[in-house]
Amino acid sequence: MGEGDKQRDVTKESEMNKADAEKIITEYGKALHSFCLYCTQNKESADDLYQDTFLVAFAKDEIEQEANPKSYLITIAMNLWRNQMRKTAWRKRIAEVSFLDAEKLALIADEGRSVEEEVQRRQEEILVKKSVLELPEKLRLVVLAYYMEDMSIEEIASALQIPAGTVKSRMNKAKKLLKEKLQYGEDGIRYIAETIPDAR
Amino acid sequence: MEKMELDILLKQSLTPDSQPEEGLKQTILERMEKEDVSEKIRSLETLKKWRKRSMLPKVAAVVLAILVVGTGTVYAASRKFNQVYVHKYGVSTISEDQYDENFERDEREMEIIEYPGEIISEEMGGPDDKWISKSVSKLKEKNSGTYVGTLTKYMYPDYLMAVNNTKMESIFHTIPGEAYQVSYEEEERDGTTTCRRLTASFYYHHGSVMVEQMPCEGFGFVRIRVTPVDEFGDSSAQYLLETKNERKYTSKSGVEYTLVDMGNGVNERLGIKETIVLISYNNGNVLITFLGISEQDIYDVLDMIDL
């Protein structure tokens, strides 16, 4: 029996039951879906990644033993996504695929929330989200894992299988880029650097 | 902007508040009963291995330039191997007396194609396709900026599958190991396929073996340009690797190979031996790059070749 066959058998035997699975989806679905959406920047891809992550987690049947099931799910999502990117030879993203811009992401993220109450905050959030989305993939992943999913530096390092020092340096690089990008204009309003109106 | 402020801003802005559609939950529950995801689980394991093994070569992006000149196809009953010569910055089938050293360095003499080029289309393989993905990109001449054709690239999950599906030939009687990053490229200019190339990397012990096959008649020319990259993908100017430690190995099947190490690069500084072997014969050229592989293991892999 080959390694793959063994894996398959183990997988079949270890699938968790539907009720437990449903409970986990309900509990962690929102956090995972947000991550998938920002990771892929495409709603269809996000939905696929979201489903695949749960399917893999349920088949492995280790999630209930995990101290931090959310981090466990994000780790799977991260690696499925990176694997997909690797398989396609780190293909360059193309404009034809309808990637969501920051504004659409904000609308999706804020569904059901009172827009009027948050207009002011939304403007700023959009700028931040847009800037985060424009970060290189490697940097974006650590920022999302840290700020969106509350993963520690050590957890991110373990998920990505890189040293903690590398996670820190990626984080520093990301923040540096974001600081350069997000600046105040003379009117006291925050802008993306290149769009700051001329004060003269 | 102060550090804390950015932290707070990021935390506030990146709240996980995207509610997945309710239907997705039901879809997952249905799929978990029907679908076998062991391949996906295995792919994650493969990714782990791949990352572990590619840690060292990853610090440098290596650009391989192979120039093959000549047209037409030779149908030979038996192989006729071309003599391979080692030059300061590469290897070729051009003898030293015909070889202009400046040619190697002077990129104006060469057509440099921007790589990767601008992608025109991409698609994932369907259930009946052997390939994983297909992309078509523009071939752009770097110096002049003119578009000279298109490059269609397929990614395959396996070397033999790629070989069989592209009407190429396997160069091995025994596959050296688990293959990763298997791709097949077709270059088209003015409606004619001008070049085909199959690339596959294999894990071998603690290193990797990369094979590039080009079934074109003509001479082979290889030089290796390196772009050092840092952790963030930033790169500085490219430079050429110098050849050193030229030697010969005659395989068990009686074919004599010329081996040469590539020096002055990041791999050398990290203590990783990078050895290349150019095999040029009447039906094409094969370049094999050994990274982090002992001399004996290189011989073992060369003994697996069946051309």
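**Stop 1: chain A as a whole**

Bear in mind that this is a predicted model. Color chain A by secondary structure. Along the sequence the pattern reads α-α-α-α-α-α-α-α-α-β-β. Now color chain A by burial. Of its 200 residues, 50% are buried. For the contacts in chain A with a separation of 6 or more, 61% join residues 24 or more positions apart.

**Stop 2: the largest nonpolar core**

Select F35(A), F54(A), F58(A), V132(A), V143(A), L10(B) and L14(B). These residues touch the most other members of the largest nonpolar core, which has 64 residues. Which helix gives the most to this core? Helix α2 of chain A, residues 18-40, does, with 10 residues.

**Stop 3: α2(A) against α7(A)**

The crossing of α2(A) past α7(A) is right-handed. Show the side chains next. From α2(A), the contact uses S34(A), F35(A), Y38(A) and C39(A). From α7(A) come R140(A), L141(A), L144(A), A145(A) and M148(A). By class, the residues here are seven nonpolar, one polar and one charged.

**Stop 4: α7(A) against α9(A)**

Helix α7 of chain A spans residues 137-148, and helix α9 of chain A spans residues 164-181. How do their axes cross? They come within 9 Å and cross at roughly 95°. Angles of 65 to 115 degrees count as roughly perpendicular, so that is how α7(A) and α9(A) lie to each other. On α7(A), select K138(A), L139(A), V142(A), V143(A), Y146(A) and Y147(A). On α9(A), select V167(A), R170(A), M171(A), K173(A), A174(A), K175(A) and L177(A). This contact has nine nonpolar, no polar and four charged residues.

**Stop 5: chain B meets chain A**

Select L10(B). Beyond its sequence neighbors within four places, L10(B) is in contact with V128(A), V132(A), V143(A), Y147(A) and L178(A). Then select D7(B), in helix α1 of chain B, residues 3-13. Is D7(B) buried or exposed? D7(B) is buried, with a relative accessible area of 15%. Leaving out residues up to four places away in sequence, D7(B) touches Y147(A) and K175(A).

**Stop 6: α7(B) and its strands**

Go to helix α7 of chain B, residues 295-303. Its buried residues are D297(B), I298(B), Y299(B), V301(B), L302(B) and D303(B). What do the buried residues of α7(B) pack against? Show β8 (192-204), β9 (207-214), β12 (242-250), β13 (256-263), β14 (274-281) and β15 (284-291) of chain B.

**Stop 7**

Finish on S294(B), in the loop between β15 and α7 of chain B. S294(B) is partly exposed, with a relative accessible area of 36%. Draw a C-alpha to C-alpha distance from S294(B) to I272(B). The two are 22 residues apart in sequence and 9.9 Å apart in space.

How values were computed: Residues numbered from 1 in each chain as written. Chains lettered and ligands numbered in written order. Predicted model: local features only at pLDDT ≥ 70, side-chain atom pairs only at ≥ 80, totals over all residues. Heavy atoms only, no water. Core = buried A, V, L, I, M, F, W, Y, C linked by side-chain atoms within 4.5 Å. Buried < 20%, exposed > 50% of the residue type's maximum accessible area, 1.4 Å probe, protein only. Helix = DSSP H or I, 4+ residues; strand = E, 2+ residues; numbered from the N terminus. Contact = heavy atoms within 4.5 Å. Axes fitted to C-alpha atoms, helices over the stretch in contact; angles between N-to-C directions. Parallel < 35°, antiparallel > 145°, perpendicular 65-115°, else oblique. Nonpolar A, V, L, I, M, F, W, Y, C, P; charged D, E, K, R; others polar. Left-handed = near helix turned anticlockwise from the far one by under 90°.
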